[in-house]
Amino acid sequence: KELVKRNDIDEIVVCTDPDREGQLIWALIAKNLKISAPVTRVWIHEWTKAGLSRAFKDRKDNTYYKNLETAGLCRMQADYFIGMNGTRVNTKAFGGYKNVINEGRVQSPTRFLVAKLEKEIQNFKPEDYWTITLTTTSDDSEHLSLQSGRLSHKEASSLEPQLHSLPYTMHKEVNLKEVRCPMLYKTNDVNMEAINALGLSAEKTTNILQKLYQDYGLTTYPRTDIQQISVSSSKDVMKIVDSLDGIGLVDEIIDDIKENHRTFQKHLINFSAGEMPHEAITPTYDEPSKIIGQLSSEEKAVYLMVVKRFLQGFYPPAKVEETKVSTDANGVKFSCTGKIIVEPNWMKVNGIPKDNILPNITDGKDYHYVNHKVEKKTTKPPARYTEASLLKAMENAGRFVEDKEAKSILKEVKGIGTEATRSDILKKLYKTGFLVKKGKVIYPTDKTMALVDILPNSPLTSPMMTAQLETKLSMVE
């Protein structure tokens, strides 16, 4: 307040986070100030000297972001109406002292997803089924093993005595597929991979990404749902490669990219017109060699994930040969599949997957029975959520609603919550006693299960309300 009253100020520059919430922070401050100087807005993509300088140079009049500010205000009001009022109502009706029953437009449908799955597990009735593994000759000395689908006891029993005497005409399909490198990282992808590959929690990964960005300047803005970079950023990709040279993380890959003059793949670049609010998470070129020694082992592991995903973008599609062999035994289909990496290309960066090579088979040729094995199996209930699978479920919430329009909306707004808030939502649900994590598995508490029974028809239990709200916020924005 004192600063903006000064007579020697000719411009106020807003440098909050480049998103809806960042714009809202300034709007709430400005609402309480009488400002006469012009206000400009810096949109920061990367926390490096070059990135900050470029953002400052390219700043715009703050009114350019008025719609973003309005969407932020709408979101805040919606959270008040739904979260604050819903929490008051539920706590008064069903909770009480030291038993707050929180509501929220994202946390409520999230805990419902976990509770709904728990009910499915509780009500699950296992069923027996049978499978047959059939082994035949091949064109090699090695035998071929084929698997049936699920069979009833009657089907398996009637077929088994006939297997040794049947001819087996093999049908072989070979397809050579081109597999492009994966898209660049968005926040949810980093969280899910760090949980699965490194055993880190979503909260831990989020904190590490923030440090890599803001404390170390090693990566770009960490809260994004974009998986591409802009055309202007694509002009700097070789600067990033040069800065990674010799730091001891990916030296062989760097040498290969430079020696073979590899170029960045076009599907990772957004060529559409207009400004991108965020870009994918990538390394920066702010001299990582000076900082890499300061990183903890976990920070280095997450940074290496980001580096490798970025470097995969310099390689053409991998070529993969997929083979499917099938045969028929009195109407029951048996099949097996094989896969050979013909040209690994981008797969070299993270390690080439193992080939699954089938014995040689000639399409249309008959082969002889060798042996078989019948196995009795039992259907299993669906697996409970881990943090990785729950984050994915939040992002793909459309599959939990039946309405076609709702599915389309949820797909368009990318589920419930945002890349920036999903890990915070999980943290809040742990803290408020609605979810508990045992090892890697997430369970709903008795409090959550009771609440779902009390409010079975609440619109807050469906991802749909959040989807409709996010759609309207996007329209405002």
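Is Lys 119 buried, exposed or partly exposed, and what is its relative accessible area? Lys 119 has a relative accessible area of 28%, so it counts as partly exposed. The model described here is predicted.

## Salt bridges between helices

Side chains of opposite charge can pair when their charged atoms come close. In this model the count comes to 27 salt bridges.

One of them joins the side chains of Lys 119 and Asp 453, at 3.0 Å from N to O. Lys 119 belongs to helix α5 and Asp 453 to helix α16, and the two residues, 334 apart, link distant parts of the chain. Asp 453 is partly exposed because its relative accessibility is 49%, and values between 20% and 50% fall in that class.

Another salt bridge is formed by the side chains of Glu 203 and Lys 427, with an N to O distance of 3.2 Å. Glu 203 is in helix α8 and Lys 427 is in helix α15, so this pair ties together parts of the chain that are 224 residues apart in sequence. Glu 203 is partly exposed, with a relative accessible area of 34%. Lys 427 is also partly exposed, and its value is 41%.

## A buried partner and a network

Asp 256 forms a salt bridge with Arg 262, and their closest N and O atoms are 3.0 Å apart. Is Asp 256 buried or exposed? Its relative accessible area is 17%, so Asp 256 is buried, the limit being under 20%.

Some salt bridges share partners. In this way Glu 21, Arg 75, Asp 79 and Arg 105 are joined into one network.

## The nonpolar cores

In soluble globular proteins, nonpolar side chains tend to be buried together. The largest nonpolar core of this model has 45 residues. Which of them touch the most other members? They are Leu 212, Leu 244, Phe 264, Tyr 303, Phe 310, Leu 311 and Phe 314. The elements that give two or more residues to this core are the helices α7 (187–198), α8 (202–215), α10 (237–244), α11 (251–259) and α12 (297–312), together with the strand β10 (318–329). Helix α12 provides the largest share, 7 residues.

With its neighbours within four places in sequence left aside, Phe 314 is in contact with Val 237, Met 238, Val 241, Ile 257, Arg 262, Thr 263, Phe 264 and Gln 265. A second, separate core has 29 residues, including Val 106, Tyr 385, Met 394 and Ile 442.

## Enclosed cavities

Rolling a probe the size of a water molecule over the atoms shows where empty space is left. How many cavities of 30 Å³ or more are found in the whole structure? The search finds 2.

The largest cavity has a volume of about 90 Å³. Its lining consists of Glu 103, Ser 108, Arg 111, Phe 112, Thr 448, Leu 451, Val 452, Leu 455, Ser 458, Leu 460 and Thr 461. By class, the lining has 5 nonpolar, 4 polar and 2 charged residues. The second largest cavity, of about 30 Å³, is lined by Thr 206, Leu 209, Gln 210, Pro 222 and Arg 223.

The largest pocket has a volume of about 1,500 Å³. It is lined by 48 residues, and those nearest its centre are Arg 20, Glu 21, Thr 418, Glu 470 and Glu 477. Helices α2 (20–31), α4 (66–94), α15 (422–431) and α17 (463–476) are the elements that give two or more residues to this lining. The largest share, 7 residues, comes from α4. The lining residues divide into 15 nonpolar, 14 polar and 19 charged.

The second largest pocket has a volume of about 580 Å³. Of its 30 lining residues, His 45, Arg 54, Ser 232, Ser 233 and Glu 279 are the closest to its centre. Two or more lining residues come from each of α3 (49–57), β8 (229–230), α9 (231–234) and α10. Helix α3 gives the largest share, 3 residues. By class, this lining has 13 nonpolar, 8 polar and 9 charged residues.

How values were computed: Residues numbered from 1 in each chain as written. Predicted model: local features only at pLDDT ≥ 70, side-chain atom pairs only at ≥ 80, totals over all residues. Heavy atoms only, no water. Core = buried A, V, L, I, M, F, W, Y, C linked by side-chain atoms within 4.5 Å. Buried < 20%, exposed > 50% of the residue type's maximum accessible area, 1.4 Å probe, protein only. Helix = DSSP H or I, 4+ residues; strand = E, 2+ residues; numbered from the N terminus. Contact = heavy atoms within 4.5 Å. 1 Å grid on protein atoms, 1.4 Å probe; cavity = no way out; pocket = protein on both sides within 12 Å on 5 of 7 lines; lining within 4 Å. Points joined across faces, edges and corners; volume = space filled by probe spheres on them. Nonpolar A, V, L, I, M, F, W, Y, C, P; charged D, E, K, R; others polar. Salt bridge = Lys/Arg side-chain N within 4 Å of Asp/Glu carboxyl O.
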